[in-house]
Amino acid sequence: MQPKFICVLMLVGMLLGCNSTPYSPSSYSPSSPSTPTVPTVNEAEAEQRRAEEEQRRAEEDQRRAEEDQRRARRDSIHSELSRLDQKYNDLSSRIVAKEENISLLRTRLLAAEGDVKTIEGQVQSYISDNIVAAGCLEAADVSLDEGNQYEQDVQDGATVVVVTCTVMLLDKQFRDQVINVADQLNQADIRTDNLNRQVNGIRTEIDEQLAALELEKTALGDVDRTRQTREYELEELDSL
């Protein structure tokens with residue numbers, strides 16, 4: 001009985017030993033903490049391409065923005081140059097007109113000064129031709145207008161004949177001549193004063209025109225310098 005039981009137990013043990021897996025350290029895998037996923041090569045390349053694309057787009061946007069700024073500045077400079085050209089032309093025209101006007105004024109001045117000299121010469125000749133009558137003005141109780149510029153000429157030229165006036169003034173014709181001399185000298189003084197005022201007026205106008213001309217020439221120079229600066233700036237923009 002016992003030998004049979006032992007044989008059965010041995011047979012069961014053998015069967016169990018064939019179906020079990022013997023323990024091996026390598027078959028034991030203890031649990032360990034999770035680690036971050038490392039991107040693959042393809043994912044890294046894709047990420048780099050995306051970064052490069054974003055940088056390219058940013059650079060392109062920057063380039064376009066700078067180009068827009070340059071275009072806007074060009075348009076602004078062209079507009080300003082157009083205004084400067086118009087202002088330059090206007091100033092140039094006014095300068096030419098003032099120079100022509102000054103030339104005409106100087107011609108008028110020479111003519112007016114010539115008229116003054118002419119009338120002064122005529123008066124001197126008239127006094128010489130009528131020296132006796134001119135010398136008798138005071139004796140005839142005929143006076144020149146106050147401030148008459150020819151009064152001294154009459155006095156200087158008529159000193160030698162004053163002594164004869166009393167007798168000569170008894171002649172009505174001579175007395176009328178004396179009165180006429182006084183009238184002619186007064187009229188000559190008025191004409192001379194008018195011519196002198198005209199001369200002074202022309203001189204004043206010339207001075208004013210010259211001052212205005214200098215201001216416009218200065219303004220023209222400023223416009224020209226500004227225009228050259230803008231043209232240089234435009235060339236710099238075009239070279240970019």
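Leaving aside neighbours within four places in sequence, which residues is Lys98 in contact with? I looked up Lys98 and found Gln209, Ala212, Leu213 and Glu216 in contact with it. Contact here means heavy atoms within 4.5 Å.

I noted the ground rules next. This is a predicted model, where local features need pLDDT of at least 70, side-chain atom pairs count only at pLDDT 80 or more, and totals for chains, interfaces and linings use all residues. Residues are numbered from 1 along each chain as its sequence is written, and side-chain values use heavy atoms, with hydrogens and water left out.

**Lys98.** I placed Lys98 in helix H2. Helices are DSSP runs (H or I, at least four residues), numbered from the N terminus. Lys98 counts as buried because its relative accessibility is 17%; buried means under 20% relative accessible area, with a 1.4 Å probe and protein chains only.

**Core.** I then looked up the largest nonpolar core and found 39 residues. Such a core is a set of buried Ala, Val, Leu, Ile, Met, Phe, Trp, Tyr and Cys residues joined through side-chain atoms within 4.5 Å. H2 (41–129), H3 (131–135) and H6 (172–239) each supply at least two of its residues. H6 gives the most, with 15 residues. Val123 is among the residues with the most contacts inside this core. Not counting residues up to four places away in sequence, Val123 touches Tyr150, Leu185 and Ala188.

**Helix H6.** I checked the length of H6. At 1.5 Å a residue, its 68 residues should span 100 Å, and its end C-alpha atoms are 99 Å apart, which agrees. The expected span is 1.5 Å times one less than the number of residues.

Key. Buried < 20%, exposed > 50% of the residue type's maximum accessible area, 1.4 Å probe, protein only.
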